[in-house]
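Thank you all for coming. I would like to take you through one structure this morning, starting with the overall picture and ending at the ligand.

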Amino acid sequence: MFLRIAYVSSLSESMSPESIDRIVEASQARNERQGVTGMLAVDGRRVLQILEGPPEIVSALYERIRGDGRHHEVIEIDRRLIEARHFGSWGMVRRSMVDVVMLAMTL
Ligand SMILES: Cc1cc2nc3c(=O)[nH]c(=O)nc-3n(C[C@H](O)[C@H](O)[C@H](O)COP(=O)(O)O)c2cc1C
């Protein structure tokens, strides 16, 4: 079984929307190494991320992300065990938030 967590947050004022690229770059290799897949959607300052992978790894990662001062108002919107991954890798997408929420809720 895999754990999947979806949350929304807002990037901090001090962050330029472009600085999310640095987070994505740093996260890519780390997520791959840890077997974490999913997606990060960014729309202005709003963020929606879906993380899936081994349960202990995903919950520990989420706790780290939750405490990251580069964003705030972190709200978990979904947490569930899934039998199979829905994403083959991890990366950033620029899709509308509505699309991504629908994806998270219906997968
Ligand atoms: C919006 C956002 C999304 C993030 N996504 C990930 C991620 O998918 N994987 C990851 O390893 N770190 C991610 N991070 C960074 C983590 O919060 C943390 O800085 C990183 O895991 C390094 O942790 P450490 O400084 O305790 O070693 C994200 C940070 C933010 C603000």
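Of the 107 residues in this chain, 26% count as buried, and please keep in mind as we go along that what you see is a predicted model. Along its principal axes, the C-alpha trace spans about 40 × 30 × 20 Å. If we take the contacts with a separation of 6 or more, 78% of them are accounted for by residues 24 or more positions apart.

Let me turn to the strands. Six of the seven residues of strand β2, which covers residues 37-43, are buried, so this strand is largely enclosed by the rest of the structure. Strand β2 pairs with β3 in the antiparallel sense, over seven bridges, and within that pairing Ala41 has Leu48 of β3 as its bridge partner. The two strands form a hairpin with two residues between them, and in the turn Gly44 has a positive phi of about 65°.

Now to the interior. In soluble globular proteins, nonpolar side chains tend to be buried together. Here the largest nonpolar core has 18 residues, and those with the most contacts inside it are Ile5, Met39, Leu40, Ala41, Val47, Leu51 and Val58. The elements that give two or more residues to this core are β1, β2 and β3, and β1 gives the most, with six residues. Which residues does Val58 touch, not counting residues up to four places away in sequence? They are Leu3, Ile5, Val36, Leu51, Glu52 and Gly53.

Finally, the ligand. Of the 13 residues around the ligand, Ser27, Arg30, Ile65, Asp68 and Arg70 come nearest. The elements that give two or more residues to this shell are α1, which runs over residues 20-34, β3, which runs over 46-53, and α2, which runs over 55-66. The largest share, four residues, comes from α1. Sorted by class, the shell has five nonpolar, four polar and four charged residues.

Key: Residues numbered from 1 in each chain as written. Predicted model: local features only at pLDDT ≥ 70, side-chain atom pairs only at ≥ 80, totals over all residues. Buried ≥ 20, exposed ≤ 12 C-beta atoms within 10 Å, placed from the backbone. Contact = placed C-beta atoms within 7 Å. Near = placed C-beta within 6 Å. Nonpolar A, V, L, I, M, F, W, Y, C, P; charged D, E, K, R; others polar. Pairing = 2+ DSSP bridges. Core = buried A, V, L, I, M, F, W, Y, C linked by C-beta atoms within 7 Å.
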